[in-house]
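Hello,

Please find the structure below. My notes on it follow.

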Amino acid sequence: MRTVRLYVRLLGAHLRSLLEYESDFWIMMAGTVVMQVVNVAFLAAIFAKVPHINGWSFWAVVAMFAMVAIAEGVGSLFFEGMWNLAWQINQGDLDYMMVRPYPIVLQVSSMQIGINGLSNIVTGGLMLGGALTHLDIDWTAGRVAVAVVVLVSAIAIKVAINLATNAVSFWMQSPSPLFAFAVHQVGDLARFPLSIYPLALKAALGFALPFAFVSFFPVSLLLGGSSAWVGLLTPLVAAYCLAVAWFVFSRGLRRYESAGN
């Protein structure tokens, strides 16, 4: 609990610093909301001409968009500092963190707060709520519990992938997280049904970089589609991704040599 309280206090300090510039805050919030509105408008334009995409309805795809938005929002709001890891390695800033009595991975994650994540969470939540009300789902207490577990697991998968790909910077030693950004762009493909992609992309998004477990398989589980049983593996995939992320970060930290002279 002490670790959690310290993490919240660190994030709170960054939040207060951001709120000193109210115009920037509202511009970032508005920009994120507009982006999500454009995404839904884009989907609406597609489905106005095509009623279904490989058997998937408009609201089912909106639910996938929403899952990605929520996962990205949580990652930005609470773990944005991961994206500064490459710069901290390049500049030797990890030296200061290594002598503090607090987990380095949490210090890195809390170094920055992405306030745009808040609007992503809100708009993603509204999109998900709207989609679920239009989809034919027989809600029971058990299904609600499964939905909550799967949502939390999907968020954990996204955060773990962000940490693992940013930790690759320990080997690349570039001040910019180019590899992490490239993988993040690949993750945008998870906004659409996995079944529309060729086999190579299915393997990449389903196993190598399991972004499909952030959106496609959880939504399939709720809708009871042909891939519903795979969605039950989402918590296991989350545990696997977190373990891999921790392993990559720990191995990278052991080879950290500071910035030198």
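Two or more lining residues come from each of α11 (199-208), α12 (216-223), α13 (228-231) and α14 (234-254). Of these, α11 gives the most to the lining of the second largest pocket, namely five residues. By class, this lining has 14 nonpolar, three polar and one charged residues. Please keep in mind that the model is predicted.

The largest pocket has a volume of about 360 Å³. It is lined by 17 residues, and E72, S76, N116, N120 and H184 are the closest to its centre. At least two residues of the lining are supplied by each of α2, α3, α7, α8 (141-167) and α10 (178-187). The most comes from α2, which gives four residues to the lining of the largest pocket. The classes here are three nonpolar, nine polar and five charged residues.

**Cavities**

How many cavities of 30 Å³ or more does the structure hold? There are two.

The largest cavity has a volume of about 50 Å³. Its lining consists of V68, A71, E72, K158, G187, D188, A190, F211 and V214. Helix α3 (residues 58-79) provides the largest share of that lining, with three residues. Five of the lining residues are nonpolar, one is polar and three are charged. E72 is listed in the lining of this cavity, and E72 is also among the residues closest to the centre of the largest pocket.

The second largest cavity has a volume of about 30 Å³. L189, A190, F192, P193, L194, Y197, L205, A212, S215 and F216 line the second largest cavity. Nine of these residues are nonpolar, one is polar and none is charged.

**The α3/α7 pair**

Two packed helices are described by the angle between their axes and the distance between the axes. For α3 and helix α7 (residues 116-134), the axes come within 7 Å and cross at roughly 155°. Angles over 145 degrees count as roughly antiparallel, and α3 and α7 are therefore roughly antiparallel to each other. The crossing in which α3 passes α7 is left-handed.

On the α3 side, the contact consists of W59, V62, A63, F65, A66, M67, A69, I70, G73, V74, S76 and L77. On the α7 side, the residues are N116, G117, L118, N120, I121, G124, G125, M127, L128, G130, A131 and H134. The contact of α3 with α7 has 15 nonpolar, nine polar and no charged residues.

Three residues of this contact, S76, N116 and N120, are also named among those closest to the centre of the largest pocket.

**One backbone angle**

Where is N54 placed? N54 is in the loop between α2 (22-49) and α3. Phi of N54 is near 55°, which is a positive value in a residue other than glycine.

Regards

Note on methods
Residues numbered from 1 in each chain as written. Predicted model: local features only at pLDDT ≥ 70, side-chain atom pairs only at ≥ 80, totals over all residues. Heavy atoms only, no water. 1 Å grid on protein atoms, 1.4 Å probe; cavity = no way out; pocket = protein on both sides within 12 Å on 5 of 7 lines; lining within 4 Å. Points joined across faces, edges and corners; volume = space filled by probe spheres on them. Nonpolar A, V, L, I, M, F, W, Y, C, P; charged D, E, K, R; others polar. Axes fitted to C-alpha atoms, helices over the stretch in contact; angles between N-to-C directions. Parallel < 35°, antiparallel > 145°, perpendicular 65-115°, else oblique. Left-handed = near helix turned anticlockwise from the far one by under 90°. Contact = heavy atoms within 4.5 Å.
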